[in-house]
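Dear colleague,

Please find the structure below, handed over for your study. My findings follow it.

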Amino acid sequence: MPNSKGYRGVSTQAAAKHYDVSDEFFRIWLGPSLAYACGLWTDGADTLEKAQLRKEEYLLSQAGIRPGIRVLDVGCGYGGEMRRMVEEHDVESVTGITLSRAAVDWTQNLGIPRTDVRLENWIDHRPSAPYDAIICIEAMEHFARPGMSGRAKIQGYREFFKRCRSWMRPEGRLVVQTISWGHRFPLDVDILRDLYLATTVYPECNPSYLGELQAASDGLFDLVALRNDFDHYSRTLEVWLDNLRADRDRAAELVGPRKAEDFERCMALAVQAFADGWFYLHRLTFRPVPKPTKPARRFLINNVLARDSLPTPRFLQPNR
Ligand SMILES: C[S@@+](CC[C@H](N)C(=O)[O-])C[C@H]1O[C@@H](n2cnc3c(N)ncnc32)[C@H](O)[C@@H]1O
């Protein structure tokens, strides 16, 4: 629900409706890593597990993860990245926040040392000391809901970027992996029906446009690396879909036949949606700008004063 400070992102009820259904159900199709995000595939023979590991390592290296640092994982899910940062990269501490009670219970039960997992919205987060790195893997899709104007979405994302910047050391890194709207949109009744179904399976979700993220981070962060791996999501989803189909009866037992079928239909649609570019999969690395500037001032400089086509006011013309 919106409050005086703006939209808070997906409600806890909607998040629970999607995430808190059954850990075993998710394990059936996500596989043992329980990574609920797009992998990073190589050409030729590869497996989901390897693609998930490669993705984790790519994002962690972009974030500059190294021994002794403090990290925040926004939307930590089942804690895969948290475990990797502690066990393989010897970080000093990782704080993980999520809106899923089931994910918190699961991750706390793993007993990973030097981790703190909380059921907390990033809007309510108050760090005890600055972070060296922040990662946010496929949580941003929940920061806007269908029907929000571009302006309102940018406002919400900007609040996220502002908070991240204020929580981070000046030399820190913010790494985001997120689904974005792509270059095409299908006009086919069956597809639109399944897209509508997706809004019920993933309630209150609305991906960003890349331009919205650029506008929202302008003057706060420099975007220093960007990949668009939408075909990688199609491949990830193909494996998820095969896994779910192979264990369809068990899935239906766990969450009910209707829900299991809806997930299956959405995944089948998403395989096509990512292959055909209706959606993109962006992996973005941000570095804080040394001195934040207001977007309005930058807009003025970039778009008005610097435009050749506009007549220069007389008082600004040289040698008059
Ligand atoms: C698709 S899952 C990805 C989980 C994990 N990062 C992974 O790669 O497996 C999205 C996660 O974002 C969390 N999330 C969504 N909105 C959030 C918010 N406003 N504050 C904190 N976590 C949020 C959800 O609870 C969920 O854990």
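At what angle do helix α7 and helix α11 pack, and how far apart are their axes? Helix α7 (residues 189-201) packs against helix α11 (residues 257-275) at about 120 degrees, and their axes are 9 Å apart. Here helices (H or I, at least four residues) are DSSP runs numbered from the N terminus. Axes are lines fitted to C-alpha atoms over the stretch in contact, and angles run from 0 to 180 degrees between N-to-C directions. The angle makes α7 oblique to α11; angles under 35 degrees count as roughly parallel, over 145 as roughly antiparallel, 65 to 115 as roughly perpendicular and the rest as oblique. The crossing of α7 and α11 is left-handed (the near helix is turned anticlockwise from the far one by less than a right angle; clockwise would be right-handed).

As to the source, this is a predicted model, in which local features need pLDDT of at least 70 and side-chain atom pairs count only at pLDDT 80 or more, while totals for chains, interfaces and linings use all residues. Residues are numbered from 1 along each chain as its sequence is written, and side-chain values use heavy atoms, with hydrogens and water left out.

Helix α11 also packs against helix α10 (residues 248-255), at an angle of about 125 degrees and with axes 6 Å apart. Therefore α10 is oblique to α11, and their crossing is right-handed.

A further pair is helix α6 (residues 150-166) and helix α8 (residues 210-217), which pack at about 50 degrees with axes 8 Å apart. This makes α6 oblique to α8, and α6 passes α8 in a right-handed crossing.

I turn now to the ligand. Around the ligand are 21 residues, of which Tyr36, Gly75, Thr98, Leu99 and Ile137 come nearest (a residue is near if one of its heavy atoms lies within 4 Å). A backbone N or O atom of Tyr36 lies 2.8 Å from a ligand oxygen atom, and one of Gly75 lies 2.7 Å from a ligand nitrogen atom.

Yours sincerely

Notes: Polar contact = N/O pair within 3.5 Å; in protein donor to acceptor, adjacent residues only side chain to side chain. Helix = DSSP H or I, 4+ residues; strand = E, 2+ residues; numbered from the N terminus.
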